[in-house]
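Here is a brief report on one protein chain.

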Amino acid sequence: SISRNYTFIVEDVPYTRLCHTKNIMTVNGQFPGPTLYAYKGDTIQVTVYNRARNNMTIHWHGVKQPRNPWSDGPEYITQCPIMPGDEFTYTLILSIEEGTLWWHAHNDFLRATVYGAIVIYPVPGTTYPYPTPDEEHVVILGEWWNEDVIEVLERALDTGGGFENSDAYTINGQPGDLYNCSSNDTYKIQVEYGRTYLLRMINADMSVGLFLSVANHNLTLVGSDGIYTEPLTSDYIVIYPGETMDFLLEANQSPENRYYMAARPFEPLDINLIDNRTTTAIIEYINSFENQSSTSPIFPLLPNYNDTNASTNFTFSIRGLLDGGHPIEVPTEIDRRILMTLSLNELPCEQQVCEGPNGTRLATSTNNISFEDPSISILEAYWKRIGGVYGTQFPDNPPVFFDFTAENQTESPFTRRGTEVKVLNYDERVEVVYQGTSLLGGEAHPMHIHGYSFYVIGWGLGNFNATRDPLRYNLMNPPLKNTIGVPRNGWVAIRFAAHNPGVWFLHCHLERHMIWGMDTVFLVKNGPSPSTSLLPPPQYMPPCVAPLRGVF
Ligand code: C2O
Ligand code: CU
């Protein structure tokens with residue numbers, strides 16, 4: 001194994017999309033940011049120099065950071081932000097993952113432009129558990145706002161209302177042919193007939209899960225969230241923010257045609273504001289360019305924007321790979337079950353008028369606590385035993401039981417703010433059942449956990465039934481994920497053993513839900529020996545001082 005070094009210079013750089021030019025926060029001037037390459041077993045050190053106007057941090061999404069939450073990145077959870085002029089070196093120990101992961105800013109909406117891929121190849125001398133592809137491409141789905149994203153964020157927080165829609169969905173930073181001012185830069189993948197391509201796909205968007213398909217071509221899923229899966233072939237996929245998926249695409253269609261890869265939102269709720277905007281890339285066959293130039297690419301079929309069946313069929317058909325080389329170690333017994341409700345909520349308005357329902361402030365919660373960021377990092381407070389920063393009263397069950405998914409919800413939509421963590425014993429075998437609720441309509445929530453991957457062992461629509469539903473769990477070949485889309489008004493059961501001590505954020509990967517409070521923290525205690533205990537902090541951590549936002 002090798003130690004690799006990367007330098008990230010964070011700078012505000014002008015970029016133009018949709019005929020709008022603005023400064024965006026970038027890494028090394030690139031948008032999307034640079035790809036990190038490594039082999040399994042390597043260690044990567046990334047030194048981040050903040051030369052931009054805003055505070056920032058970076059999270060290495062899906063990297064488990066064994067015993068080392070100091071390098072995990074979420075603002076006020078494991079570190080204080082890197083202020084303009086400051087720097088911080090992150091250490092990534094890639095001993096577990098294999099496949100595609102990604103990195104992104106973890107504060108203040110900045111991940112809208114600050115993101116990139118992490119590609120982890122098998123240990124040298126070993127191969128993929130599928131035929132070696134001829135070529136590979138990173139494909140990152142994202143979003144573009146014409147406005148400065150910090151302004152979008154601040155306006156939403158000031159008004160207490162919703163976040164405005166972005167102006168485009170993007171593939172590798174490009175909106176594609178269906179948007180104005182964009183067709184010259186549409187992302188293109190050139191393929192050769194008879195060859196196989198590995199697409200390392202990442203959904204970095206902020207707002208919504210996406211349906212995606214490629215005209216006339218199937219996609220075969222072979223990995224997700226940094227581990228291999230049983231191959232799953234489909235003519236469409238759904239990918240939520242935070243998920244990564246590795247697909248094989250066979251170039252086996254008529255080379256005279258060009259083919260769109262297209263993605264657009266999955267919106268489970270029949271809302272009046274259907275967001276049907278579609279981002280596209282083009283698959284074109286090499287050696288046939290001359291014949292192609294006049295024909296417009298073939299457009300794929302995509303599921304309807306509200307097709308919950310299409311969404312759950314894909315998500316819950318994914319299986320772990322039983323090939324011996326990549327063991328499945330799902331806990332068959334558990335020490336604790338946490339039933340965690342995911343709700344849209346209201347909070348009282350502390351100013352004149354708020355733009356949430358009935359003049360309230362929009363919020364979100366887990367188990368009816370709307371997470372509030374502390375003023376110093378929880379990890380630092382835990383390490384230094386500083387009191388008063390967080391509480392340890394996150395409940396194993398929602399405070400009241402009600403019919404979580406009733407179409408006409410009579411429960412109060414109000415919640416309360418709090419900074420409560422869930423303390424887990426080292427090696428405790430934990431089951432979390434995420435329960436969607438219908439408060440304020442409900443939504444599908446991509447739930448992500450830092451420091452761990454978890455087995456997805458069951459799901460259903462409606463309310464979780466603790467007597468009946470566990471009988472149908474898949475303990476044989478469940479997929480190992482770090483992000484899972486919990487269906488609107490449904491539930492998902494996950495399991496993991498708490499063998500990674502530290503402070504680990506857990507949240508909805510829709511950015512607005514995270515900001516509104518659909519978050520909590522697992523504080524996993526040390527094990528019995530030094531080798532099962534937290535590593536000490538690095539020499540230098542960014543200091544915790546009052547937030548300085550955009551005042552330069
Ligand atoms: Cu990619 Cu805390 O998230
Ligand atoms: Cu959510």
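## Terms and record

Helices, of at least four residues, and strands, of at least two, are DSSP runs numbered from the N terminus. The model is predicted.

With that in hand, take the annotated spans. The unreviewed UniProt entry lists "domain: Plastocyanin-like" for residues 11-122, 135-287 and 394-527. Residues 394-527 are 4% helix and 41% strand, and the end C-alpha atoms of the span lie 21 Å apart. Residues 11-122 are 0% helix and 46% strand. The end C-alpha atoms there lie 33 Å apart.

## Domains and their contact

The chain is divided into domain 1 (1-128), domain 2 (130-320) and domain 3 (336-532). Between the C-alpha centres of domain 2 and domain 3 the distance is 28 Å. Their contact takes 26 residues from domain 2 and 28 residues from domain 3.

On the domain 2 side, strand 15 (227-234) and helix 3 (308-315) are the elements that give two or more residues. That side has nine nonpolar, 13 polar and four charged residues.

## Nonpolar core

The largest nonpolar core holds 147 residues. Ile494 and Val521 have the most contacts inside it. Leaving out residues up to four places away in sequence, Ile494 touches Val432, Phe454, Tyr455, Val456, Ile457 and Ile484.

## Helix 1

Helix 1 spans residues 149-159, and Val149, Val152 and Leu153 are buried in it. These residues lie on the same side of helix 1, because they cover an arc of only 95° around the axis. An α-helix has 3.6 residues a turn, so residues three or four places apart point the same way. Glu151 and Asp158, on the other side of helix 1, are exposed. Just after helix 1, Gly160 takes a positive phi of about 75°.

## Backbone exceptions

Most residues other than glycine have a negative phi, and most peptide bonds are trans. Some positions here depart from that pattern.

The peptide bond from Phe31 to Pro32 is cis, with omega near -10°. Pro32 sits in the loop between strand 2 (20-27) and strand 3 (36-39).

Arg67 has a positive phi, near 60°. Its loop runs between strand 5 (58-61) and strand 6 (87-93). Is Arg67 buried or exposed? Arg67 counts as buried, because it has 21 C-beta neighbours inside 10 Å, and the cut-off for burial is 20 or more.

Asn489 also has a positive phi, about 55°. Asn489 is found in the loop between strand 29 (483-486) and strand 30 (490-497). Asn489 is buried, with 23 other C-beta atoms within 10 Å.

Conventions
Residues numbered from 1 in each chain as written. Chains lettered and ligands numbered in written order. Predicted model: local features only at pLDDT ≥ 70, side-chain atom pairs only at ≥ 80, totals over all residues. UniProt positions renumbered as here; feature names shortened; annotations may be inferred. Core = buried A, V, L, I, M, F, W, Y, C linked by C-beta atoms within 7 Å. Buried ≥ 20, exposed ≤ 12 C-beta atoms within 10 Å, placed from the backbone. Contact = placed C-beta atoms within 7 Å. Domains from an automatic or database assignment. Nonpolar A, V, L, I, M, F, W, Y, C, P; charged D, E, K, R; others polar. Arc of directions from axis to C-beta.
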